[in-house]
Amino acid sequence: KSPADLQKEGVKIGVIPGTTADLFVKTNCPQADRIELSSRQDVAYYLLQNPTIEVYVDDTFALAQILSQNEADLTFMRQPLTENDLAWGIRADDTQFREQVNAVLAHWKADGTLDQILNHWIPYLKKYEMLRQNESPGATTP
């Protein structure tokens, strides 16, 4: 129900080894039982059919996909445990390439290509954004 619940002794938390969520659990939940799962496809099974874990920690987009496939049976804590940025690395001295990348991104944004790409690779993104907007103070449901 809250981030503090994850820090209780013996809470069985599922993670994918080597992820930022795994690092978060190792660092912030030392009294929990950290249980390694081999893939995200196993999460619903281990939560619902073979309750090996009580909670699963992962990045928001991975959770959104898992939840979209199991909406009737699973829920999530809307409060993020942490925030991590995603970025592309470009050599600092390659200003021409950086300008080209920025120009392509601006063009994709303007003509809708960026939305098409995001919808293809992260189909649950719009649903996630709507959920986030609905939990904001003063937000109304459309």
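Aspartate 58 is buried, its relative accessible area being 11%. In this predicted model, the side chain of aspartate 58 meets that of arginine 40 in a salt bridge, with 2.5 Å from N to O. The two residues belong to distant parts of the chain, 18 residues apart: arginine 40 lies in the loop between strand 2 (33-36) and helix 2 (43-49), and aspartate 58 in the loop between strand 3 (55-56) and helix 3 (60-68). Arginine 40 has a relative accessible area of 36% and is partly exposed, because this value falls between the 20% and 50% limits.

Over the whole structure, a search finds seven salt bridges.

| Pair | N to O distance |
|---|---|
| Arginine 40 and aspartate 58 | 2.5 Å |
| Aspartate 5 and lysine 8 | 3.1 Å |
| Aspartate 22 and lysine 26 | 3.7 Å |

Aspartate 22 and lysine 26 are both part of helix 1 (residues 20-28), where four residues, or about one turn of the helix, separate them. Aspartate 22 counts as buried, with 2% relative accessibility, because buried means under 20%. Salt bridges with shared partners connect Asp22 and Lys26 with Arg34 and Glu36 in one network.

In the salt bridge between aspartate 5 and lysine 8, aspartate 5 is partly exposed at 22% relative accessibility. Lysine 8 likewise counts as partly exposed, at 48%.

Conventions. Residues numbered from 1 in each chain as written. Predicted model: local features only at pLDDT ≥ 70, side-chain atom pairs only at ≥ 80, totals over all residues. Heavy atoms only, no water. Salt bridge = Lys/Arg side-chain N within 4 Å of Asp/Glu carboxyl O. Buried < 20%, exposed > 50% of the residue type's maximum accessible area, 1.4 Å probe, protein only.
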